[in-house]
Amino acid sequence: MSWLKGMYNGFNEFFLTVVDRRELIQMAFIEHLWLSFVSISIACLISLPLGIWIARAKRFAEPMIGVTAVLQTIPSLALFGFLVPLIGIGTNTALIALTIYALLPIVRNTYTGISRVSPAMIEAASAMGMTSRQRLFKVEFPLAIPFIMAGIRTATVLTVGVATLATFVGAGGLGDVIYRGLQSYKPYLILAGAIPVAVLAIMFDFILKHLEKKSTPKGMRIK
């Protein structure tokens, strides 16, 4: 029964840590949520039009996807450090770095989704007198939604995790809590920062999965 007692003591220590640092954790959670939401929103505003454009102009697809892939291969801490001399420390640096990391999954999936729409569907839409814009928003984009949302979900989970490094550029977030735990050798404080990160990622993924289901045409929904 010693292991059961150890688990109880560990949970009790964790609970006391959360209660003792609740104001810090609450503030860090809100900062982390804001950083993640804003950076993903900016990434979507950039990536969706870019993905649609390269699906139309396929000769630019490989170079554009290649550039976003190269940007994502840069170690996250190195990217934050590279931006500091250019922009300085603070929220703007964190948002730019997080947005860069979110580009690849959304661009690639948007391009793939639009490109995989059946030519027969496009020809049928054209035969009905639809303009290029109408075909995009009434045929191609709805059919590509599952691919696009999968990219956004991947980018979101990645962003929530990388946002913990925002603490190193003075942008706050749950990384502050984790870093304080590392500095003071307090494992329960590290958990108090890490667990909310996981909860936030799951929460975002659940919401996006629900939006994906609602926005996917009924004939394409997986029951």
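This is a predicted model: local features need pLDDT of at least 70, side-chain atom pairs count only at pLDDT 80 or more; totals for chains, interfaces and linings use all residues.
The expected span of a helix is 1.5 Å times one less than its number of residues.

Figure 1. Helix H5 covers residues 91-115, which is 25 residues. At 1.5 Å a residue, H5 should span 36 Å, and its end C-alpha atoms are 36 Å apart, so the two values agree.

**Figure 2. The kink in helix H5.** H5 bends by about 35 degrees at leucine 103. The kink comes shortly before proline 105.

Figure 3. In the protein chain, buried residues make up 41% of the 223 residues.

**Figure 4. Packing of helices H8 and H9.** H8 is formed by residues 175-183 and H9 by residues 187-215.

**Figure 5. Residues where H8 meets H9.** The H8 side contributes Val177, Ile178, Arg180, Gly181 and Leu182. On the H9 side, these meet Leu189, Ile190, Ala192, Gly193 and Ala194.

**Figure 6. The protein chain around these views.** The secondary structure comprises nine helices and zero strands. Along its principal axes, the C-alpha trace spans about 70 × 45 × 25 Å. Among contacts between residues at least 6 apart in sequence, 77% join residues at least 24 apart.

Methods: Residues are numbered from 1 along each chain as its sequence is written. Side-chain values use heavy atoms; hydrogens and water are left out. Helices (H or I, at least four residues) and strands (E, at least two) are DSSP runs, numbered from the N terminus. The bend at a residue is the angle between axes fitted to the seven residues ending there and the seven starting there. Axes are lines fitted to C-alpha atoms, for helices over the stretch in contact, and angles run from 0 to 180 degrees between N-to-C directions. Contact means heavy atoms within 4.5 Å. Buried means under 20% relative accessible area, exposed over 50%, partly exposed in between (1.4 Å probe, protein chains only).
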